[in-house]
Amino acid sequence: MKYEIKGGTLPVVICQLEEGETMITEGGGMSWMSPNMQMETSSNGGVGKALGRMFAGEAIFQNNYTALGGRGLIAFASSFPGSIRAFEISPDNEIICQKSVFLAGEASVQLSVHFNKKLGAGLFGGEGFIMQRLSGNGIAFGEFDGHLVEYELKDGQQMVIDTGHLAAMSATCNMEIKTVAGMKNKFLGGEGFFNTIVTGPGHVWLQTMPLSNVAGVLRPYFATSK
């Protein structure tokens with residue numbers, strides 16, 4: 001499989017598949033394709049994995065697109081202005097991500113539910129108690145809100161992240177939630193009560209324009225509109 005990412009802040013990934021190669025995506029993920037791409041809807045792993053995806057906030061069923069009778073073309077566009085990034089998934093490079101990140105991937109990439117070990121991460125973290133784990137072998141494409149900023153954390157190195165900006169991290173990283181120190185900071189600082197703390201080693205992907213933040217900015221205008 002060969003691919004090209006185009007489009008700047010309104011990106012699309014265009015994949016060129018050899019005959020017999022298959023891509024997976026959530027329902028509605030396909031933007032355009034050549035006529036020899038055959039779609040098949042499947043639970044991809046049986047009832048157990050399908051329910052796991054449901055708990056992770058994804059669709060129970062996935063669509064498989066296979067090139068038949070020669071090379072095929074299929075494109076997947078981002079659903080929000082931002083970025084698309086390719087990940088080389090392997091047993092040594094598994095990724096934990098927000099439930100909205102996965103866009104598409106090779107059929108050898110597996111999606112499963114990932115539970116944060118600490119309950120506070122789910123109750124207050126914004127990234128959610130339930131996230132997704134990308135495992136297996138192959139290329140997966142993720143979509144991110146706004147621009148993408150990356151950091152490589154050393155063993156024990158930490159980063160404090162505002163709610164929603166953490167898009168993905170290496171499976172070797174740990175995530176926990178800590179309260180903002182000081183009552184004035186909590187109630188007058190405008191940054192909320194909690195921050196996400198990610199501890200290395202591993203890679204961290206941060207998004208600059210979380211959709212939840214955009215919704216918060218627009219909410220007063222919708223509330224006052226007639």
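1. Aromatic pairs. Rings of Phe, Tyr and Trp (its six-membered ring) pair if their centres lie within 6.5 Å; planes under 30 degrees apart count as stacked, over 60 as edge-to-face and the rest as tilted. On that basis, Phe87, Phe144 and Trp205 form one aromatic cluster. The whole structure holds 3 aromatic pairs.

2. Basis of the note. The model is predicted: local features need pLDDT of at least 70, side-chain atom pairs count only at pLDDT 80 or more, and totals for chains, interfaces and linings use all residues. Residues are numbered from 1 along each chain as its sequence is written, and side-chain values use heavy atoms, with hydrogens and water left out.

3. Overall make-up. The protein chain has 4 helices and 19 strands. These are DSSP runs numbered from the N terminus (helices H or I, at least four residues; strands E, at least two). Of the 226 residues, 44% are buried. Buried means under 20% relative accessible area, exposed over 50%, and partly exposed in between (1.4 Å probe, protein chains only). The chain exposes about 11800 Å², with 58% of it from carbon and sulfur atoms; the areas come from the Shrake-Rupley method with a 1.4 Å probe, and for residues only the protein chains shown count as cover.

4. Contact range. A contact means heavy atoms within 4.5 Å. Among contacts in the protein chain with a separation of 6 or more, 78% join residues 24 or more positions apart.

5. The Phe87 and Trp205 pair. Which geometry do the rings of Phe87 and Trp205 adopt? Their centres are 5.0 Å apart and their planes are at 80 degrees, so the pair is edge-to-face. Phe87 sits in strand 8 and Trp205 in strand 19, 118 residues apart. Both are buried: Phe87 at 6% relative accessibility, Trp205 at 7%.

6. The largest core. A nonpolar core is a set of buried Ala, Val, Leu, Ile, Met, Phe, Trp, Tyr and Cys residues joined through side-chain atoms within 4.5 Å. The largest has 16 residues, and Ile95, Leu134, Phe144 and Trp205 touch the most other members. At least two residues come from each of strand 8 (82-89), strand 9 (95-97), strand 11 (109-115), strand 13 (138-145) and strand 16 (166-170). Beyond four places in sequence, the contacts of Ile95 include Phe87, Leu134, Met169 and Trp205.

7. The second core. A second, separate core of 15 residues includes Met1, Ile84, Ala104 and Phe141. Met1 lies in the segment before strand 1 (2-6). Cys15, Leu17, Met23, Ile139 and Phe141 are among the residues that Met1 touches beyond four places in sequence.

8. The Tyr3 and Phe141 pair. This aromatic pair is edge-to-face, 5.0 Å centre to centre, with 75 degrees between the planes. Tyr3 lies in strand 1 and Phe141 in strand 13, so the pair ties together parts that are 138 residues apart in sequence. Tyr3 is partly exposed at 36% relative accessibility; Phe141 is buried at 1%.

9. Gln207. Is Gln207 buried or exposed? Gln207 counts as buried, at 5% relative accessibility. Gln207 is found in strand 19 (residues 202-207). Its side chain reaches the backbone oxygen of Gly164 at 3.0 Å. Beyond four places in sequence, Gln207 also touches residues including Gln98, Phe144 and His165.

10. Cysteines. A disulfide is a pair of cysteine sulfur atoms within 2.5 Å. By this rule the count is 0. Cys15 is buried at 0% relative accessible area, and Cys173 is buried at 5%.

Conventions. Polar contact = N/O pair within 3.5 Å; in protein donor to acceptor, adjacent residues only side chain to side chain.
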